[in-house]
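My entries follow the order in which I checked them.

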Amino acid sequence: MNERKTLLARLAACDFILYETALFLDTHPDCKDALAFYQKHLEMRKKAEEEYTEKYGMLQHKDYKGQNSWQWTEGPWPWEYEEG
Amino acid sequence: MWIYEKKLQHPVKIARCDPAMAKIIITQLGGPDGELGASMRYLNQRYAMPNDKVKAALTDIGTEELGHMEMVSSIVHQLTRNLSMSEIEKSGFAPYFVDHTVGIYPVDANGVPFSASTFQSTGDPIADLHEDMGAEQKARKTYDNILNLCDDPDVRDVIKFLREREIVHYQRFGESLENILDGLNSKNYYAFNPAFIPKKD
């Protein structure tokens, strides 16, 4: 696996944890353990996201960092088959 | 992957209830030229596109249409607040009410449920982008008709915003089509070649 894919896998792991916890919080909005768990992984996610977007570009429009060209339109797109 | 933002693209605040108008406007949720069909059309067409700029345009416009579904639903929701039974019966809202109460269900103005047969995803970029330009004009037409039927400035404000977005999307799809055509061999002036070339056995 190349470094881009490793970083993307880390992001996906953080995001899945956050989503799963958010679903739990939807039905348990005052659970202190779940809130702390969410907070901890939110910080991990922010770091992973910063590293990814710094090196490999945008995950969403608002990741734009002042480049001369709108890198959003550059592939690969998530649905495309990639070797390796 | 999609993320939900807890806000509308353009605010919806409708002071006066009007179930008859709700029954008309709901066609832009579940009707043949509505926002649900628009979103499904563009997001499903992306996979067959050969050009990264066109993939980006379809992703972004398809995503915006999801937001427009929410705006149309918000209009219908607010137009059907605090209704009395006589308002429901006199306004012609009763046939919708009996099945859906004041919940939101994607139907056209005649109550026909949403159908995926209102749009295509052909796997052919030229065919799809021509459909997309037509779809934006058809949606613009429906918003023009709604503006002719509706006097309430609270509703008209939102409908005018949505109508304007159809015009912008039409322009972006026109450019996307040019993008695809520019990638063709000059001998293919009439843009007739199939997109799919079978692999040899």
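**Entry 1: a serine.** I am working with a predicted model. I started at Ser74(B), which sits in helix H4 of chain B, residues 52-79. Is Ser74(B) buried or exposed? I found a relative accessible area of 15%. Ser74(B) therefore counts as buried, since the cut-off is under 20%. The Ser74(B) side chain comes to 2.7 Å from the backbone oxygen of Glu70(B). I then left out residues up to four places away in sequence and listed what Ser74(B) touches: Leu8(B) and Val12(B).

**Entry 2: cavities.** How many cavities of 30 Å³ or more are there? I counted one. The volume of the largest cavity is about 40 Å³. I noted its lining residues, among them Asp33(B), Arg41(B), Tyr42(B), Glu136(B) and Glu166(B). Two elements of chain B each give two or more residues to this lining: helix H3 (35-45) and helix H7 (125-149). I sorted the lining by type and got four nonpolar, four charged and one polar.

**Entry 3: chain B against chain A.** I turned to the contact between the chains. Chain A brings 10 residues and chain B brings 11. About 900 Å² is buried between the two chains, and carbon and sulfur atoms give 59% of that area. Which residues of chain B lose the most area to chain A? I wrote down Asp52(B), Lys55(B) and Asp60(B). Together they make up 39% of what the chain B side buries.

How values were computed
Residues numbered from 1 in each chain as written. Chains lettered and ligands numbered in written order. Predicted model: local features only at pLDDT ≥ 70, side-chain atom pairs only at ≥ 80, totals over all residues. Heavy atoms only, no water. Helix = DSSP H or I, 4+ residues; strand = E, 2+ residues; numbered from the N terminus. Buried < 20%, exposed > 50% of the residue type's maximum accessible area, 1.4 Å probe, protein only. Polar contact = N/O pair within 3.5 Å; in protein donor to acceptor, adjacent residues only side chain to side chain. Contact = heavy atoms within 4.5 Å. 1 Å grid on protein atoms, 1.4 Å probe; cavity = no way out; pocket = protein on both sides within 12 Å on 5 of 7 lines; lining within 4 Å. Points joined across faces, edges and corners; volume = space filled by probe spheres on them. Nonpolar A, V, L, I, M, F, W, Y, C, P; charged D, E, K, R; others polar. Buried area = accessible area lost by both parts, 1.4 Å probe.
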